[in-house]
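Hi,

Here is the structure I promised to pass on. Have a look at it first, and my notes follow below.

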Amino acid sequence: MKPTNPFNLFCFFLFIVLAVLEFPVSAYHDSPYSRSSSIVFATLGRSSYHFDIYSLPLWVAPASSNELRLTDGVSVNFNGYFPSPSSVSMLFGAPDWTPADVSPPPLHLVYVTERNGNSHVFLDSLYYRGREHTGSRSILEEDPSEPTRSELTRFQFPLVGLEESDGRVSMKDKPTLVGEYLIYVSTHENPGVPRTSWTAVYSTHLKTRSTRRLTPYGVADFSPAVSPSGVWTAVASYGEKGWGGEVEELGTDIYLFLTRDGSSRVKVVEHGGWPSWADDSTFYFHRRCEDGWWSVFKASILKNRKLGVDSVVTERVTPPGFHVFTPAASTSNESFIAVATRRPDSAFRHIELFDVVSKQFVELTRPISPNVHHLNPFISPDSSRVGYHKCRGSSNGHKSTNLILENLKNPLSEKITLFRIDGDFPSFSPDGSRIAFVEFPGVYVVNSDGSGLRKVFERTAFSTAWDWKRKGIVYTSAGPTFASESTDVDIISINVDDENLSYKQLTRGGKNNAFPSASPDGKWVVFRSGRSGYKNLYIMDALEGETGGLSRLTEGPWSDTMCNWSPDGEWIAFASDRENPGSGSFELFMVHPNGTGLHKLIQSGSGGRTNHPWFSPDSKYVVFTSDYAGVSAEPISNPHHYQPYGDIFVIKSDGSGIRRLTHNSYEDGTPTWGSTYMKDDDVERPNGGTTCSFEDCHWLNISPNSSSLYSAPVKPQCSH
């Protein structure tokens, strides 16, 4: 096949841009948010991901010189897919170059990228021009240091996501190009039910921009895979039962439906996720077995049988002894699959080939980069290459500087900027000029423009809050996080403007005193304490601490925590499990500082979590983190997150008008709201930061058959 004409690529890109401009542009004129301000929150590990998509040629010995970085090193790029040349040709028209102009044919890549503050699906076409290639090695495998590498030309344009430049925000995931259609996951539709996933599969006709929802309303689908013929799409789904709060393996089954319109939907496998087709009657998937190991299974659809669970035969194909997951089948060579593995002798996940006939594994990435995580493999249509994503680091001239502040699109108002901070528990100074936050260990202060970063407390601490009246006073909780009521944690005040960084202990005797928040008149601090045997709220003197005055605000055999005092002084918002103590389910409540007016602000369905409330500068709204939107992807497809379902929400202080701010499959948390409008630009860490420092899923580290391995019963379906 002749290569696609880059001029046609450009024309199609221009067509998409013009089509996008036809979308109604809304500046959210109906937004009630009238004051310029900024919201900052934390995401566990996200600032150090630096994902790019890489590829290795198959059937040759793995070598670093053969590994090709496919994406451009901008932001975070992941979950790739090699489209067939025919699908790309259908989009871009007939090629008119001769083979001598380009050698070898271009490599096309569809992938998810998080850039410009939102999630997109991009298509990159990589061309090599100017020299006829000879020899057995592809030009894509040439030494990157050779001068001829500069002749590699990238054509890049968005397939979906650009149309959300008007302020709309959603997560995109697992794209597949089928002719002129893109099949993908999006979270842009609100199901209107608390603690319900927004994740659904959509089909967009890329030439007309018409989009059809393939997932039924009231249902969430994950990890779509389109069959080689394009007729069927397989998904991992809860069906109508919905998410049950799982944080490790989702309780999904495998469903099939017709790709053209989502019809003829039927469950074909109980207990499984991440399907991948080998042919139209065979697909692979993963599940966690009763012996404790994640394993890959083969599903064979029987002919002349009504499609359903009884018409599909499943077989465990990978052995116990180590974890094997996120399979990628080959459509042109069904003798092997690519998988991600976690072996007992490695703390890193790697990509391997598994021969389904000989039952032998071939390690691909471990010989090249043994101490780097490699995620979510995919195979080219001709079975010549395997792709995956990993942290690009700073080798081979790749720039990977951590962002201390990453700007995201805010769907609420153009007057409010939204940032992810490379840290935890941020809080703004009263004038909005500085941000305090924690790392583990230590408390830090940085100017809101990202300059002046410095450490102000050496020990482990969590939660920060500024005094409203005494300039430069930051409160924090010195001691371990997520600890029992009797753990030694005390509240201190730090004078960050003092050359000696003096601090004063305000609580006595430990007993898990934490989450301080000062009253706007500067006289009092509300905090939580376990001194009674339960975590309840107390108010103490801001200057002298509890020795200068102490009163109890709430009382009961439950946990009241994460409190925040409104800027107008009228209310204290906090999280509590008082309606089901010890269950792990938290709702948000509000109470007057004198103990009156207690009422619930918001809860996330039955058994859900709403945490870390923080008032807006005008006290009319509360920003918080919650599982209100369920889970958005299979947790095993990401690095570690303790709770892979947190998103940031805003609600009016009267409990109405809840709005979702963030859309991703990470754990967003600990938001704060400042009175200053921060310029909507990314800010790099002054010292570059530590790249690639994220961890793999902790529950893959634990030895199988351990009683602590599972948070829910494992379905005993791994023997067949």
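Before the sheet, a word on terms: two strands pair if DSSP finds at least two bridges between them. Strands themselves are DSSP runs (E, at least two residues), numbered from the N terminus. Keep in mind that this is a predicted model, where local features need pLDDT of at least 70 and side-chain atom pairs count only at pLDDT 80 or more, while totals for chains, interfaces and linings use all residues. Residues are numbered from 1 along each chain as its sequence is written, and side-chain values use heavy atoms, with hydrogens and water left out.

Now the sheet. Four strands make up an open sheet in the order β40-β41-β42-β43, and their pairing is antiparallel. At the edges sit β40 (560–565) and β43 (599–602), each of which pairs on one side only. On average, neighbouring strands here are turned by 35 degrees against each other, direction ignored (the axes are lines fitted to C-alpha atoms, and angles run from 0 to 180 degrees between N-to-C directions). Between β40 and β41 the antiparallel pairing runs over four bridges.

Is G582 buried or exposed? G582 counts as exposed because its relative accessibility is 71% (exposed means over 50% relative accessible area, buried under 20%, partly exposed in between, with a 1.4 Å probe and protein chains only). The C-alpha atom of G582 is 7.9 Å from that of S559, although 23 residues separate the two along the chain.

Then the cysteines. How many disulfides does a search of the whole structure find? The search finds one, counting a pair of cysteine sulfur atoms within 2.5 Å as a disulfide. That bond joins C391 to C692, with 1.9 Å from S to S. The link of C391 and C692 is left-handed, at -75 degrees about the S-S bond. It ties together distant parts of the chain, 301 residues apart: C391 lies in strand β25 (residues 385–391) and C692 in the segment after β49 (683–684). C391 is buried, since its relative accessibility is 6%, whereas C692 is partly exposed at 31%.

Two further cysteines to look up are C563, buried with a relative accessible area of 6%, and C697, buried with 2%.

Cheers
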